Amino acid sequence: MKSIMAIYIIVIFISFFIPASQLHSEEVLPFPLTGFEDTGSFKLYINDSPIATISYELDKQGNFKRDFNLAMAGQKINGKMVVQTDKNGYWNDILVTTSRGDTMIAKRKGDK
């Protein structure tokens, strides 16, 4: 048991001296969003009364849509988020729409 612990400590100690740039010699891409398909809806309740609904949809091309609706005390707030992907399933842009207007959260340029 002591020898296993000693080996473990040595491996951890040595790993502190390896530069992070040498750990990954090739660029690592995120997992594509294609091939999966899902839809769903969630509700938020206060005192047994629904006040908010969140609905989402993920299509097989990797595009994601989320709608948010909140209604309480005569006031309403609606929101939407759309994630669009390229032909390989990697996201291109994220657009958020609220009652204040559209906001582009991120726009991907090339492979970055």
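**Start with the whole chain**

Show the surface first: the chain exposes about 9,400 Å², and carbon and sulfur atoms supply 60% of that. Accessible areas here come from the Shrake-Rupley method with a 1.4 Å probe, and for residues only the protein chains shown count as cover. Keep in mind that this is a predicted model, where local features need pLDDT of at least 70 and side-chain atom pairs count only at pLDDT 80 or more, while totals for chains, interfaces and linings use all residues. Residues are numbered from 1 along each chain as its sequence is written, and side-chain values use heavy atoms, with hydrogens and water left out.

Now go back to the cartoon. Helices (H or I, at least four residues) and strands (E, at least two) are DSSP runs, numbered from the N terminus.

Buried means under 20% relative accessible area, exposed means over 50%, and partly exposed is in between (1.4 Å probe, protein chains only). As for contacts (heavy atoms within 4.5 Å), residues 24 or more positions apart account for 14% of those with a separation of 6 or more.

**Stop 1**

Select residues 38-46 for strand β1 and residues 49-58 for strand β2. These two pair in the antiparallel sense over nine bridges; strands count as paired if DSSP finds at least two bridges between them. Then slide along to the turn: two residues sit between the strands, and Asn47 takes a positive phi near 50 degrees.

**Stop 2: three rings**

Show the side chains of Phe42, Tyr56 and Phe64, which form one aromatic cluster. A pair of aromatic rings is described by the distance of the centres and the angle of the planes. Rings of Phe, Tyr and Trp (its six-membered ring) pair if their centres lie within 6.5 Å; planes under 30 degrees apart count as stacked, over 60 as edge-to-face and the rest as tilted.

How many aromatic pairs does this rule give? The count comes to two. Phe42 and Tyr56 are stacked, at 6.0 Å centre to centre and with 20 degrees between the planes. Phe42 lies in β1 and Tyr56 in β2, so this pair ties together parts that are 14 residues apart in sequence. Tyr56 and Phe64 have ring centres 6.3 Å apart and planes at 25 degrees, so they are stacked as well. Check the surface here too: Phe42 counts as exposed at 52% relative accessibility, whereas Phe64 is partly exposed at 22%.

**Stop 3: from β3 into β4**

Next, pick residues 64-72, which make up strand β3; this strand pairs with β4 in the antiparallel sense over nine bridges. One place to look is Asn69, whose bridge partner in β4 is Asn78. The hairpin has two residues between the strands, and Ala73 takes a positive phi near 55 degrees.

**Stop 4**

Click on Lys80, which is in strand β4 and is partly exposed, with a relative accessible area of 38%. Leaving aside neighbours within four places in sequence, Lys80 is in contact with Arg66, Asp67, Leu95, Val96 and Thr97. Thr97 is also the bridge partner of Lys80 in β5, and Met81 stands opposite Val96 there.

Widen the view to take in strand β5 (residues 91-98), which pairs with β4 in the antiparallel sense over six bridges. Five residues separate the two strands of this hairpin, and Gly89 in the turn has a positive phi of about 90 degrees.

**Last stop: Thr85**

Where does Thr85 sit? Its place is in β4, which covers residues 75-85. Is Thr85 buried or exposed? At 13% relative accessibility, Thr85 counts as buried. Not counting residues up to four places away in sequence, Thr85 touches Leu33, Gln61, Gly62, Asn63, Tyr90, Trp91 and Asn92. Draw a distance from the Thr85 side chain to the backbone oxygen of Gln61, and you get 2.8 Å.

Terms used:
Polar contact = N/O pair within 3.5 Å; in protein donor to acceptor, adjacent residues only side chain to side chain.
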